[in-house]
Amino acid sequence: MYRHGLKRVADFILVFIVLVIIWPILLLITIWLHLANKGAGAFFTQERPGKNGKFFRVIKFKTMTDERDADGNLLPDAARLTKVGCLVRSTSIDELPQLINVLKGDMALIGPRPLLPQYLPLYNEVQARRHEVRPGITGWAQVNGRNAISWTRKFELDVWYVDHCSFLLDLKIVFMTIKKVFVREGISSETSATMEAFTGNN
C-alpha cells in the first residue's frame, strides 16, 4: 500500500510544506549562482528517464560555467566547477530544485537517481528494474557510497531498494542522507570531479 499510493501522497504534502518554508533561500541561491556562473544561468535541466522509462526534465542548480576552449569544446568538469558550485554540490543543495519534480510527480523523495537517457540500452535485464519505481532525489545507493562506488554496485543497490521499498526504509534513508550531507561523503569518485560516464562495463 505504501509503495503504490501512500508514498506519493506523503511526498507531495512534505515537499509542498518544505517549498513554502525555504523558497526565500532558494531565491538567494539562484541569484548567487547566476552571478558565479558568469551568465550561464542558475538552473540546469536535462531529459531523464523516470518510472517505466517515461521521460521528464530534471531540474538542478547549475554548478558549472559554460566556458569553452579555443576549439569551442566545453572545458573539463573540474575546470568549470566554480567555488560556489563546489559548495552547492558538496552540500547537495544542487538537488533542491528537484523538489519541483517531486511536486509534479516526475520523481519521489526517495528512489534510484534519474540517469542519462543514453544509458537505457546499456542496462542488463536486472539493472533495468531500477525504473519500476519513481526516481528519487536521494536513494539507497546515494547513502551507501554515492559517486565513490562503481556503477555495478550502484545498480545492485538501486534494484535492492525496488524490492524492499517501505516507509521505514525511506525514513532510514532520510536520516542517512542528512548525515552524509553534513560529513560530505561520496561527493566525487576517485578519478573525477563528477561521476564517470556509464559504459555498460563499469
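This is a predicted model: local features need pLDDT of at least 70, side-chain atom pairs count only at pLDDT 80 or more; totals for chains, interfaces and linings use all residues.
Trainee: How far apart are the end C-alpha atoms of helix 1, and what span would a straight helix reach?

Mentor: Helix 1 has 35 residues, and its end C-alpha atoms are only 42 Å apart, whereas a straight helix would reach 51 Å at 1.5 Å a residue. When looking along the helix for a bend, go to Ile22, where helix 1 bends by about 60 degrees, and note that a proline, Pro24, follows within four residues.

Trainee: Which residues of helix 1 are buried?

Mentor: The general idea is that an α-helix has 3.6 residues a turn, so residues three or four places apart point the same way. In this structure the buried residues of helix 1 include Lys7, Asp11, Val15, Leu19, Ile22, Leu26, Ile29 and Leu33.

Trainee: Which element gives the most to the largest nonpolar core?

Mentor: That core has 28 residues, of which Leu33, Leu99, Leu109, Trp140, Tyr161 and Ile173 touch the most other members, and helix 1 gives the most to this core, with seven residues. Leu99, for its part, touches Val15, Val18, Leu19, Ile22, Leu109 and Ile137, not counting residues up to four places away in sequence. A second, separate core of seven residues includes Phe155 and Phe198.

Trainee: In what sense do strand 1 and strand 2 pair?

Mentor: Strand 1, residues 43-49, pairs with strand 2 in the antiparallel sense over seven bridges, and one of the bridge partners to inspect is Arg57 in strand 2, which faces Glu47 as its partner. Five residues lie between the strands of this hairpin, where Asn52 takes a positive phi near 60 degrees. Strand 2 itself, residues 55-61, is mostly covered, with five of its seven residues buried.

Notes. Residues are numbered from 1 along each chain as its sequence is written. Side-chain values use heavy atoms; hydrogens and water are left out. Buried means under 20% relative accessible area, exposed over 50%, partly exposed in between (1.4 Å probe, protein chains only). Helices (H or I, at least four residues) and strands (E, at least two) are DSSP runs, numbered from the N terminus. Two strands pair if DSSP finds at least two bridges between them. A nonpolar core is a set of buried Ala, Val, Leu, Ile, Met, Phe, Trp, Tyr and Cys residues joined through side-chain atoms within 4.5 Å. Contact means heavy atoms within 4.5 Å. The expected span of a helix is 1.5 Å times one less than its number of residues. The bend at a residue is the angle between axes fitted to the seven residues ending there and the seven starting there.
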